[in-house]
Amino acid sequence: MNRSLYGFAGAVVALAAVAGVAAVAAPGDDDATDATSAASAQRKPVERSTLVCAKPSASDVAETTWTAFVPKGAPGKKGSAELRPAELADPDGGTGGTDDGNGKGKGEKDGKDGKGKKRDKGRSEDAAKKRSKDDDKPVVPLSAPGTPVTSTADSSEAPALTGSADGRFAPGWTVQQTTTVSAGAGRGLQGASCTTPDTTFWFPAVSTAKERQDYVHLTNPDSTSAVVDLEMHGKGGKEKAPSGAGEGITVPPRSTVPVLLSTLTAEPVTNAALHVVARNGRVGAQVNAADEKLGGDWIAPAGDPGPRAVLPGIPGDATSVRLVAFTPGGKDADLKVRLAGPTGEISPAGHETLHVKAGMTTAVDLKELTKGDPGSLVLSPAEDKAEAPPVVAAVRVTRGKGARQETAFIPSTPAVEKRATVAENGARGTELALTATDKDAKIKVTSSAGSGGGSPKSTTVTVKAHTTKSLAPPRPQGGKGTYAVTVERLSGGPVHASRTLTRKQDGIPAFTVQTLPDDRSTVVVPDAAEDLSVLTED
């Protein structure tokens, strides 16, 4: 009996190191035991990371670049990091079709092909057999930590990607996907950090309005199918979907399924919130929002619902900022609305507070919010309560005027606990936003060597409490190509961060914003001896 318990304990410790389990304790442990376990626990580098990248675009005039990077410093000399193409699947489970932008293969509708005949459900196996060896080549494989690797594609056939990193490449592995769409709906700059698969996601600020085409991309990195449910919430509560829409969507192994959000609502809904839940397995999820006149971008998942929400990095020249907030709990939320700028926090005139009804979205247009200075929105409970309702939020930011406007989205994002990294930064058009919400914070910003050579360069800055510090990262010494930027919190209070990329495109101020959540490169693992003492029986 003791032997099996010892083996189980070792397996638990190994699982914690790989999957990020924060602590292991036996049922019924008291506070003293918890405190002892916490004191004896230690941080270990993760041993494996998984990422998924959504299919970049269905546009024939799209150009996409992927950039992969992992910081130096992880122990060991072995490991690998690479992504591979994922199959394109239909929401009803078929694969191998060609996406026409509506989540179905070209000419396909309601489970039938273009001739009205039912599709062969076994087509996925045939398609897999026909894939050429070139289609399965690794994308942006890393050969050494500290140096970015890039890959490009210039067609609508650019695939979704899934993959993993292990050994010295696992801690802090990040991949950036940036697409330029030169014309049509969604034209402009679309950027996304490839995401970690999970079982639940929130996307405030989605829309099914006529001028918008929003798709949620569900990508399964694993060898077994995932089953996903989608729910839309608007200002009146949960939206009633057409019969069966959004329920039990099968995402086949190592495949991606795009779903048009307008198929989930009976009527057009603006300022909505999408909830993605995997009832079986796990997926990566991201939303691509394309507007006929205002361009488009990816909407990243918001951080986990909590009493406070921070949305970092609203550009100083924003001409429109629309905030969408949602509380998934059973109680209404009353929030203070503050803008953390370069010198401190201010309250937007006329919008000092925000009332969010339980289960419903609330939207507000914050006109002339930044007035030339970059800043971050901070939402916090209007009253000090022991249990304030949880909220999620996002803003749609517009730059430019008239026919030359472009939009991007900034979701609420968790703080950088220790370290965060964002890839694909260039000689121009890169700006960091660092927001300290409670106390002063000391931050180290490091630019890596370039993808074409050079050496890294660092700078250290102090971000005053309740302010946002905007800065261009230091240029790598002698660097060529793109580079990665790593943000490390050295001391002080919580810091929320984002990176804005800006490029001129036919007179349009094309831009995209990526938030920088902690890279979770380390996990807390309980001391092995302490864990064994808990699990061993006399």
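Because the model is predicted, local features are reported only at pLDDT of at least 70 and side-chain atom pairs only at pLDDT 80 or more, whereas totals for chains, interfaces and linings use all residues. Residues are numbered from 1 along each chain as its sequence is written, and side-chain values use heavy atoms, with hydrogens and water left out.

The protein contains 4 helices and 36 strands, where helices (H or I, at least four residues) and strands (E, at least two) are DSSP runs numbered from the N terminus. Of its 538 residues, 50% are buried, a term that denotes under 20% relative accessible area, with exposed meaning over 50% and partly exposed lying in between (1.4 Å probe, protein chains only). Among contacts (heavy atoms within 4.5 Å) between residues at least 6 apart in sequence, 81% join residues at least 24 apart.

The largest nonpolar core comprises 31 residues, a core being a set of buried Ala, Val, Leu, Ile, Met, Phe, Trp, Tyr and Cys residues joined through side-chain atoms within 4.5 Å. The residues with the most contacts inside this core are Phe203, Val206, Val216, Leu218, Leu230, Leu274 and Val276. At least two core residues come from each of strand 10 (200–206), strand 11 (212–220), strand 12 (226–234), strand 14 (249–251), strand 15 (255–260), strand 16 (272–280) and strand 17 (284–291). Beyond its neighbours up to four places away in sequence, Val276 touches Thr199, Thr200, Phe201, Phe203, Val216, Leu218, Val228, Asp229, Leu230 and Ala285. Another core, of 26 residues, lies apart from the largest one and includes Ala325, Leu366, Leu379 and Val395.

Strand 12 is mostly covered, with 7 of its 9 residues buried.

A search of the whole structure finds 1 disulfide, defined as a pair of cysteine sulfur atoms within 2.5 Å. The bond is formed by Cys53 and Cys194, whose sulfur atoms are 2.0 Å apart, and the torsion about the S-S bond is about 110°, so the disulfide is right-handed. The pair links distant parts of the chain, 141 residues apart, with Cys53 in strand 2 (residues 48–53) and Cys194 in the loop between strand 9 (188–193) and strand 10. Both partners are buried, Cys53 having a relative accessible area of 0% and Cys194 one of 10%.

Ser448 lies in the loop between strand 30 (441–447) and strand 31 (457–463), and counts as buried because its relative accessibility is 6%. Apart from neighbours within four places in sequence, Ser448 is in contact with Phe69, Gly146, Pro148, Ser455, Pro456, Pro476, Tyr483 and Ala484.
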